[in-house]
Amino acid sequence: MKKLLIMITILLMAANVKAQEVLILGDNHAMLKLDQGRKYLLLPVQEKEENAAIAVMDGRNEMVKRLNVRLAVDKVDYFVPVELKDAKLFEITFHGDRRTKGAIKDFACWKEMKYSDSFDTTNREHFRPLYHHTPVYGWMNDPNGMFYKDGTWHLYYQWNPYGSMWENMTWGHSTSRDLIHWESQPTAIEADWLGAIFSGSCVTNGNDVVAFYTSAGQSQVQSMAVSKDNGRTFKKYEGNPVITSDKPDFRDPNVFWYESTKRWIMILAVGQEMQIYSSADLKAWQYESSFGQEYGNHGGVWECPDLFPLKLQHSEKWVLICNINPGGPFGGSATQYFVGQFDGHKFTCESMPKVTKWLDYGKDHYATVSFYNAPENRRVVLAWMSNWQYANQVPTLQFRSANSIPRDLGLFQYGEETYLSAVPSKEMLAARGAKLKKPAEACEIVVDVKGAADITLSNAKGEKVVMRYDAHQHTFTMDRTQSGNVSFSEHFACTTEAPTYGTIKQLRLFIDRCSIEAFDAEGKMVMTNLVFPSEPYNIIKVKGGKATIYEIK
């Protein structure tokens, strides 16, 4: 009843755009005069259509914003809001062939777009996770600028507020007190004439929060913005850009303080290498060194770096995170890493150049970066839980993509190599609720393993995910070929395999509507895969172990 009343209220508050406000100027060109007395214009989106370019004009006919929106031609998939503020006029250019699209005056968008003083974000998605972070609507990819301050975790993210496919990159913003329950905040940083707002990082400098991000326009350059209100709003630095390059792929600045040299360090992804810069004041940056030639996997562009120290027994080693797309172990995007030393100027990898180490052996774990200033010296990371091979095609509409559960990183030795461990952050243990008799759409399953083990999650539709631990080969596999809807991409149905680096005694499986994250309890093996069952998996069969199921509060 409450939801019905909300929807009735929204309908009463909405008003369709009048025909005389739309000016048809040609086969692919139109203008829309706006009612400045309303807060939003709700634009109808049809995902199969090409983007229409929208120039937003103010009362002086000066352009204040550019948008690319897949405006509906013959049907509406969903609506997105544009906050009007001082906007007075939209100039709209359509792309595509008039012979196949029809006459612009007959497009569905003119009949369906409407004014409103509110926008309904009530969840309408069967696959929206219950305890993973998601945007309330629109597209999301890389986590950005994550930091912890005054008891609050801040997560920024690559966001398209004007559709559920990649476009219009801005920094969305969410906050949490426990790393599990997230509250959506207003947009943090929007595009300007230097370009769209690509990935980056935040640091705290006294009372200020300083954001670094890539301005992606004609070229990719690095920019800075400062917040005086704990990361709620940012003012862009008047001296932007702070670093430029002639390289086409030059992005994703990650900044931290290096105490030994009393300087700020920035690591940047540049093509298929990482470049390191230093600064005394966060404004003037000096090139220090590069890393990457011949090291690790080079199947695609290197992106979203991170560089940090971790303890291993009584020593300290540095880890360089390097996300890559494509080139992942099972196709598409993935996170590789290198272990070595950093002296404030140069990172030196301790492994042989051809050694490749993956942080997660699933298909859906990318753009991994850590929170700045996490408490208790923890190194807490989040990842984008999708894959560029099919991220735009997964079967959701109101939103696309979630983040992984938070994970704490550590180091362990196996043979002659040092590897990263990843365990669910302690906040996930605090979220455990009552024991359940059978799996639910959102739950944690703990499997105590005795030797080899087979674990099958299934439902009454015959959809299933099969996981297998081979104690002899020291491997763990997950088969999602019969997991549910796999038809939206030829790259989706697959079996992923991970080395276990020794014996597994306990597995922790986190299920949340459209994802399964499998952890060796010691953190030596991690695998993240999306699944899209038509109904939840409520049957579990375990051979070679015993399962205990917990609800997630």
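Asp-360 is buried, at 1% relative accessibility, where buried denotes under 20% relative accessible area, exposed over 50%, and partly exposed the range in between (1.4 Å probe, protein chains only). Its side chain meets that of Arg-407 in a salt bridge of 2.9 Å, N to O; the term denotes a side-chain nitrogen of Lys or Arg within 4 Å of a carboxyl oxygen of Asp or Glu. Arg-407 counts as buried as well, with 2% relative accessibility. The pair links distant parts of the chain, 47 residues apart: Arg-407 belongs to strand β30 (residues 407–414), and Asp-360 to the loop between β26 (357–358) and β27 (366–370). Helices (H or I, at least four residues) and strands (E, at least two) are DSSP runs, numbered from the N terminus. Salt bridges that share partners also join Asp-58, Arg-60 and Glu-62 into one network.

The model is predicted: local features need pLDDT of at least 70, side-chain atom pairs count only at pLDDT 80 or more, and totals for chains, interfaces and linings use all residues. Residues are numbered from 1 along each chain as its sequence is written, and side-chain values use heavy atoms, with hydrogens and water left out.

The salt bridges come to 28 by the rule stated above. One of them joins Lys-228 and Asp-208 at 3.1 Å, N to O. Here the partners lie 20 residues apart, Lys-228 in the loop between β16 and β17 (235–236) and Asp-208 in strand β15 (residues 208–216). Lys-228 is exposed, at 66% relative accessibility. In another salt bridge, the closest N and O atoms of Arg-124 and Asp-120 are 3.3 Å apart; Arg-124 is partly exposed at 47%, whereas Asp-120 is buried at 12%.

Ser-227 lies in strand β16 (residues 220–227) and is buried, with 0% relative accessibility. Its side chain is joined to that of Asp-229 by a polar contact of 2.8 Å, that is, a pair of N or O atoms within 3.5 Å; within protein, one must be able to donate a hydrogen and the other to accept it, and residues adjacent in sequence count only if both atoms are side-chain atoms. The Ser-227 side chain also reaches the backbone oxygen of Thr-233 at 2.8 Å.

Aromatic rings provide a further set of links. The whole structure holds 39 aromatic pairs, in which rings of Phe, Tyr and Trp (its six-membered ring) have centres within 6.5 Å; planes under 30 degrees apart count as stacked, over 60 as edge-to-face and the rest as tilted. Phe-127 and Phe-532 form an edge-to-face pair, 5.0 Å centre to centre with 85 degrees between the planes. This pair bridges 405 residues of sequence, from the loop between β9 and β10 (138–149), which holds Phe-127, to the loop between β39 (526–530) and β40 (539–552), which holds Phe-532. Phe-127 is buried at 9% relative accessible area, and Phe-532 is buried at 3%.

Tyr-390 and Phe-492 are likewise paired edge-to-face, at 5.2 Å and 75 degrees. Tyr-390 sits in the loop between β28 (380–384) and β29 (399–400) and Phe-492 in the loop between β35 (475–479) and β36 (495–499), so the pair ties together parts that are 102 residues apart in sequence. Tyr-390 is buried at 0%, and Phe-492 is buried at 0%. Ring pairs link Phe-127, Tyr-390, Phe-488, Phe-492 and Phe-532 into a cluster.
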